[in-house]
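Visitor: I have the sequence and the model open side by side. Please take me through them, one question at a time.

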Amino acid sequence: MGIIRDKIPQFEFSIPVAVIGAGACGLSAALAVRDAGVEVLVFERDERPWGSTSMSLGAACAAGSASQDAAGVDDSADRFVADILAKTEGRADAALARVIGDRSGPTIDWLATHQVPMLLDFKWTGLGHSKPRLHIPPGRNGEELLTLLLNACARAGAEVMTSARVVDLYADADDRVLGLRIARPNGEFEEIGCEAVVIATCGFGADHAMVAENIPEMANAKYFGHEGNQGDGIRLGAALGGAVADMTAYQGLGTLADPQQVVVPHPLMIEGGFLVNAEGVRFTHELANISGMCVPVLAQPGGIAWVVFDARRHEACLAHSVEQRQLLEIGALRQADDWSGLERLCRLPEGSLRAANAEIDAARQSGCADRLGRSFEGLAPLAPPYFAVRVTGALFHTQGGLSIDAAARVLRADGRALPNVFAGGGAARGISGPEVTGYLPGAGLCTALTLGKIAGDSAAAIASPT
Ligand SMILES: Cc1cc2nc3c(=O)[nH]c(=O)nc-3n(C[C@H](O)[C@H](O)[C@H](O)COP(=O)(O)OP(=O)(O)OC[C@H]3O[C@@H](n4cnc5c(N)ncnc54)[C@H](O)[C@@H]3O)c2cc1C
């Protein structure tokens, strides 16, 4: 995998804009290219587009959308930028934060014009967002978002070539990409010319060597993102001369049901549920750093924990969460009428859950935060029957990647842009800064959709119209 600068073939087929990767970013870019009246082809390594986008919960944060306005939510680009900088302690790229602040809401509105509705959601509040900002498809999952995007692309005339892994780029001496080399499952290669390329291959979570090099604390952790996210685009962009940034950033949740591999919905904890380790002891403020919760969870005995909640939270969650329904259907939930019963079912020390819950109740009654710094004020106490689900921590997606400017152009280390290469989503640096603590809920899809749209606009602007 690399850059071929000599022996440039006579391309039998050329496309004005080539997009690599058919996830949220690549499909958003392709739609934008078609809006500009330019031909585009999306290359996807898998037989069926899936990506981390399909595995996600489908929620993208955005400020200034029409649905926020309609719901009377007083949000603004400035407020979003301030939240990004606060969450990352000022370490997110300020220019990129500004672009996302300004363009995320309009991107959500633009998607609606392509029949990709993203509705404002009030289930995930706080956690770094000072206003309700998460937008989610009606079916509340990433698989639906990907299907909506694929349908929109089909309607707009943006085709996806599947089973087509881009392995090399052809480039001239000025680092201008002239074409792509594609590996097919039968071992054959194809060469296709292009005038501009959008790299939308997501991050490097599935490449264990890259993870070990950039995020050593996750070197031995389970990866729960798309297996195709092997850092191809980042590697190709870097080989072409692009710089990378924030490669240490990632999202690693601590609530992956074990062994069932379903993400336990966070509203259970936002609404008052809590986490204990295998000794039945609470060990972390459950909401302080959801993005990096894998770190304290994996540090517990056996690398596991239990999410504890009650029937009221379970029922509320069941009404809107696909994952909660799955957890119920596959028998991941343990349920008992009292704490002793749940302790027995989960093989936790006798009296441990009762004690953990009593400690929370005492903090609530005192009106103070508990010993871990969490306040349960305003949240109803847990009431029987009680529930628990066993969880572990995993790396979900990486947040570092190619350096880009406000037009999503890939930048060299000296700040000059590559002539015709654009990037977004997990392949580009995000708005999370360099730490695991900087990830805002919904930022992965926000940067995929918004930067995809910007990259598509920019690529179309330098390519020949149809
Ligand atoms: C379980 C889970 C839940 C999540 N929930 C959320 C959420 O609710 N909200 C949120 O904002 N984020 C969430 N995320 C993160 C979010 O899914 C990603 O940030 C987002 O999907 C990235 O979009 P993308 O288009 O960059 O990548 P992807 O959707 O992964 O698409 C990249 C595509 O590129 C293809 N590809 C890779 N290399 C090549 C190559 N060489 N040639 C051709 N094709 C290639 C891949 O096969 C893939 O289809 C979640 C992630 C996980 C794993």
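**A tour by question**

Visitor: Which residues does Gln261 touch, not counting those up to four places away in sequence?
Guide: Happy to start there: contact means heavy atoms within 4.5 Å. With residues up to four places away in sequence left out, Gln261 touches Lys222, Phe224 and Leu256.

Visitor: What kind of model is this, and how are its residues numbered?
Guide: This is a predicted model, in which local features need pLDDT of at least 70 and side-chain atom pairs count only at pLDDT 80 or more, while totals for chains, interfaces and linings use all residues. Side-chain values use heavy atoms, with hydrogens and water left out, and along each chain, as its sequence is written, residues are numbered from 1.

Visitor: Is Gln261 buried, partly exposed or exposed?
Guide: Gln261 sits in the loop between strand E14 (256-257) and helix H9 (267-270); helices (H or I, at least four residues) and strands (E, at least two) are DSSP runs, numbered from the N terminus. Buried means under 20% relative accessible area, exposed over 50% and partly exposed in between, with a 1.4 Å probe and protein chains only. Because its relative accessible area is 31%, Gln261 counts as partly exposed.

Visitor: Which residues does the cis peptide bond with omega of about 10° join?
Guide: Stay in that loop, between E14 and H9, where Pro259 is found. The cis bond with omega of about 10° joins Asp258 and Pro259.

Visitor: Why do the buried residues of H4 lie on the same side of the helix?
Guide: The buried residues of helix H4 (residues 77-87) are Ala77, Phe80, Val81, Asp83, Ile84 and Lys87. They are on the same side of H4 because they cover only a limited arc around the axis, the arc being that of the directions from the helix axis to the C-beta atoms. An α-helix has 3.6 residues a turn, so residues three or four places apart point the same way. For H4 the arc is only 160°.

Visitor: Which elements do the buried residues of H4 pack against?
Guide: Turned away from the buried side is a face with the exposed residues Asp78 and Ala86. After H4 comes Glu89, with a positive phi near 50°. The packing partners of the buried residues of H4 are strand E4 (60-61), helix H5 (94-113) and helix H15 (443-462).

Visitor: What is the phi of Cys202?
Guide: Look in the loop between strand E10 (189-199) and helix H7 (208-214), which holds Cys202. Although Cys202 is not a glycine, its phi is positive, at about 65°.

Visitor: Is Ile20 buried or exposed?
Guide: Ile20 belongs to strand E2 (residues 14-20). Among the residues it touches, not counting those up to four places away in sequence, are Phe43, Val166, Leu169 and Leu180. Since its relative accessible area is 6%, Ile20 is buried.

Visitor: What is the relative accessibility of Val281?
Guide: Val281 is in the loop between strand E15 (274-277) and helix H10 (294-298). Leaving out residues up to four places away in sequence, Val281 touches Leu275, Val276 and Arg371. It counts as partly exposed, because its relative accessibility is 38%.

Visitor: What is the radius of gyration of the protein chain?
Guide: Let's step back to the whole chain, which has 15 helices and 23 strands and counts 61% of its 466 residues as buried. The radius of gyration is taken over C-alpha atoms, and the globule rule is 2.2 Å times the number of residues to the power 0.38. A compact globule with 466 residues would come near 23 Å, so the chain agrees with the rule at 23 Å.

Visitor: What share of the contacts with a separation of 6 or more joins residues 24 or more positions apart?
Guide: The C-alpha atoms fill a box of roughly 75 × 45 × 40 Å along the principal axes. Of the protein chain's contacts with a separation of 6 or more, the share from residues 24 or more positions apart is 75%.
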